[in-house]
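Biologist: I'd like to learn how to read a fold from its coordinates. Can we go through it one feature at a time?

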Amino acid sequence: MYDKNNVFAKIIRGELPSNKIYEDDYALAFQNIAPRAKTHVLVIPKGEYTDVYDFTANAPVAAQVGFWSAVRKTVDTLGLSQNFRMVANTGPGAGQSVFHFHVHIMSDE
C-alpha cells in the first residue's frame, strides 16, 4: 500500500526541499542526498506508485510515456546520453528504502 507521507511524496508536494534537475507534469528529477557516484540523480513519477510493478500495472499510458520521456530528458540535461547506468530497486531485499517508484541515474562523469 502506498504511503502518502513518504519522503518522495513530500518532495513532490513541496513539503521538503530538493535539488531539482528536471520537472514536468509527469516526473521530477533531483540529486540524491546520499550519492553513490559522481552524478547520482533520482527520477520519480508524480503519481502514487510503490515500485516498477505497481507503476507498469496501474499508471495510465500517458503517465508511463511521460515518465520515461522525463528520464530521457534528465539524462540529456545531464549530458550523459553515452555514459550512465539506470537502476530501479524493487523491494527491501533489493535495497528499496523509499516505497515510491523511482529510478537512479548514475555516472562517474
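Biologist: Let's start with H40: does it count as buried or exposed?

Modeller: Quick caveat before that. This is a predicted model, where local features need pLDDT of at least 70 and side-chain atom pairs count only at pLDDT 80 or more, while totals for chains, interfaces and linings use all residues. Residues are numbered from 1 along each chain as its sequence is written, and side-chain values use heavy atoms, with hydrogens and water left out. Now, buried means under 20% relative accessible area, exposed means over 50%, and partly exposed is in between (1.4 Å probe, protein chains only). H40 counts as buried because its relative accessibility is 6%.

Biologist: Which residues is H40 in contact with, leaving aside its neighbours within four places in sequence?

Modeller: Contact means heavy atoms within 4.5 Å. With those neighbours set aside, H40 touches F30, Q31, N32, A34, P35, H104, I105 and M106. There's also a polar contact of 2.7 Å between the side chains of H40 and H104. That term covers a pair of N or O atoms within 3.5 Å; within protein, one must be able to donate a hydrogen and the other to accept it, and residues adjacent in sequence count only if both atoms are side-chain atoms.

Biologist: H40 is found in strand 3. In what order do the strands form the sheet?

Modeller: The general idea is that strands of a sheet pair through backbone hydrogen bonds, either parallel or antiparallel. Strands (E, at least two residues) and helices (H or I, at least four) are DSSP runs, numbered from the N terminus, and two strands pair if DSSP finds at least two bridges between them. Here five strands make an open sheet in the order 1-2-3-5-4, with antiparallel pairing. Strand 1 and strand 4 (85-87) are at the edges, each with a single partner strand, so one side of each has no neighbour in the sheet. From one strand to the next, the twist averages 20°.

Biologist: How many bridges join strand 1 to strand 2?

Modeller: Three, and the two run antiparallel. They form a hairpin with three residues between them, and K20 stands opposite F30 in strand 2. Strand 2 also pairs with strand 3, over five bridges; there F30 faces L42 and Q31 has V41 as its bridge partner. Four of the five residues of strand 2 are buried.

Biologist: Which strands does helix 3 lie across?

Modeller: Helix 3 (residues 61-78) lies across strand 1, strand 2, strand 3, strand 4 and strand 5 (103-107), at about 160° to strand 3. Its buried residues include F67, A70 and V71. Just after the helix, G79 has a positive phi of about 70°.

Biologist: And K46, is it buried or partly exposed?

Modeller: Partly exposed, because its relative accessible area is 31%. K46 is in the loop between strand 3 (39-45) and helix 2 (52-58). Its side chain makes a polar contact of 2.8 Å with the side chain of E23, and a polar atom of that K46 side chain lies 2.7 Å from the backbone oxygen of D24. K46 and R13 are 33 residues apart in sequence, with their C-alpha atoms 9.3 Å apart in space.

Terms used. Axes fitted to C-alpha atoms, helices over the stretch in contact; angles between N-to-C directions.
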